[in-house]
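Work through the exercises below with the structure open. Try each task before you read its solution.

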Amino acid sequence: MIEFSGIWVPMVTPFLNGQVDLAAAARLAKHLAEQGADGLVVCGTTGESATLSTSEQHQLLAAVLTAVSKDFPVAFGISGNNTAEVAQAAAALNNMPIAALLVSAPYYVRPSQSGILQHFEAIAAASHHPLIIYNIPYRTGVTIEPATIKALSLNPQFVAIKESGGGQIEPIYQIINETPLKFLSGEDHLIFISSCMGGHGAIAAAAHIRPDLYKKMLSYIQEGNLAAARIIDLQLRPLIKLLFSEPNPAVIKAALAMQGLIHDELRLPMTSASAETKSKLSMLLAEINAI
Ligand SMILES: O=C(O)C1=N[C@H](C(=O)O)C[C@H](O)C1
């Protein structure tokens with residue numbers, strides 16, 4: 001039984017000379033599992049999935065699934081703004097041993113809440129996998145309102161939500177208290193707060209670096225030791241801020257390159273972090289013993 005809780009890492013996609021670096025992806029997946037991540041997401045936002053062909057996405061998924069143990073959960077991100085195509089893409093993954101699909105709202109076209117509901121229902125009908133709803137309005141252009149999330153949660157195929165709603169507290173309360181969904185923060189700087197509110201963890205790109213610290217913070221919160229959890233939160237906060245100071249995943253890739261895990265390469269239109277950010281980054285990584 002997969003627990004959709006704890007600290008999941010939406011993996012970057014390593015590149016080498018313009019190609020997906022499958023060996024580095026496998027190495028990174030293994031490293032994150034050994035460092036204590038509770039699960040991985042392949043082809044999330046951080047995975048630059050918008051620049052990957054379907055065949056590259058599937059090869060990447062296969063490389064990651066082969067690198068980790070059979071019972072280690074790996075979710076896969078799908079998105080799109082043509083419901084029939086996204087449902088077809090979901091159905092194509094029905095035989096893959098993945099833990100769940102992470103599905104964002106249709107981007108760019110700004111549908112009504114009824115359209116969003118029907119989009120998710122069509123994907124659920126096409127898929128044999130559990131689904132994680134991904135609410136990220138600053139990227140898609142549309143918010144999945146709490147009422148829509150509640151309606152979707154009546155279908156047990158929807159198991160969790162990754163909430164990146166910009167930090168408004170009221171929807172977080174409503175989702176945690178009025179739906180059976182596992183609440184996973186998609187706002188890395190709000191993991192402490194949302195977990196104190198009853199959230200179940202996070203899908204956090206920042207947790208590429210020292211996932212063990214995020215897990216420790218979460219278990220202190222669950223034990224009611226808020227003072228100890230706050231110390232970790234305060235320790236992580238400057239790094240989280242820097243990791244998102246340039247378009248993600250530039251700074252995270254720079255950090256992983258400093259750790260010797262991947263090459264510091266992105267696909268256009270994404271670009272590498274600036275030299276100034278990299279010099280601040282090496283200091284902050286050293287402070288938390290990450291390099
Ligand atoms: O890929 C993800 O999943 C995440 N992406 C977010 C973003 O870049 O918008 C950040 C979050 O940590 C997880």
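**Exercise 1. The ligand shell**

Which residues come nearest to the ligand?

Solution. The model is a predicted one. Step one: take the shell, which holds 13 residues around the ligand. Step two: pick out those that come nearest, namely Pro-10, Gly-44, Thr-45, Thr-46 and Ala-205. Step three: sort the shell by class. It has six polar, five nonpolar and two charged residues.

**Exercise 2. The barrel**

Trace the order in which the eight strands close into a barrel.

Solution. Start at β1 and follow the pairing: β1-β4-β5-β6-β7-β8-β9-β10. The strands pair in parallel. On average, neighbouring strands of this sheet are turned by 25° against each other, with direction ignored.

**Exercise 3. Strand β8 and its partners**

How many bridges join β8 to β9, and how many join β7 to β8?

Solution. Take β9 to begin with. Strand β8 (residues 158-163) runs parallel to β9 (residues 182-185), joined by four bridges. Within that pairing, Ala-160 stands opposite Lys-182, and Ile-161 has Phe-183 as its bridge partner. Turn to β7. Five bridges link β7 and β8, again in the parallel sense. Here Ile-132 stands opposite Ala-160. Now check burial along β8. Six of its six residues are buried, so β8 is largely enclosed by the rest of the structure.

**Exercise 4. The annotated positions**

Which residues does the UniProt annotation "active site" cover, and why can they be said to gather at one spot?

Solution. Step one: read the record. The unreviewed UniProt entry marks Tyr-134 and Lys-162 as "active site". Step two: compare sequence with space. They span 29 residues in sequence, yet no two of their C-alpha atoms are more than 4.8 Å apart, so they gather at one spot.

Step three: place each residue. Tyr-134 lies in strand β7, residues 131-135, and Lys-162 lies in strand β8.

The cut-off is 20 or more other C-beta atoms within 10 Å. Tyr-134 has 28, so Tyr-134 is buried. Lys-162 has 29, so Lys-162 is buried.

Step five: list contacts, leaving aside neighbours within four places in sequence. Tyr-134 is in contact with Leu-102, Val-103, Ser-104 and Lys-162. The contacts of Lys-162 are Leu-102, Ile-132, Tyr-134, Leu-184, Gly-186 and Ile-203.

Terms used
Residues numbered from 1 in each chain as written. Predicted model: local features only at pLDDT ≥ 70, side-chain atom pairs only at ≥ 80, totals over all residues. Near = placed C-beta within 6 Å. Nonpolar A, V, L, I, M, F, W, Y, C, P; charged D, E, K, R; others polar. Pairing = 2+ DSSP bridges. Helix = DSSP H or I, 4+ residues; strand = E, 2+ residues; numbered from the N terminus. Axes fitted to C-alpha atoms, helices over the stretch in contact; angles between N-to-C directions. UniProt positions renumbered as here; feature names shortened; annotations may be inferred. Buried ≥ 20, exposed ≤ 12 C-beta atoms within 10 Å, placed from the backbone. Contact = placed C-beta atoms within 7 Å.
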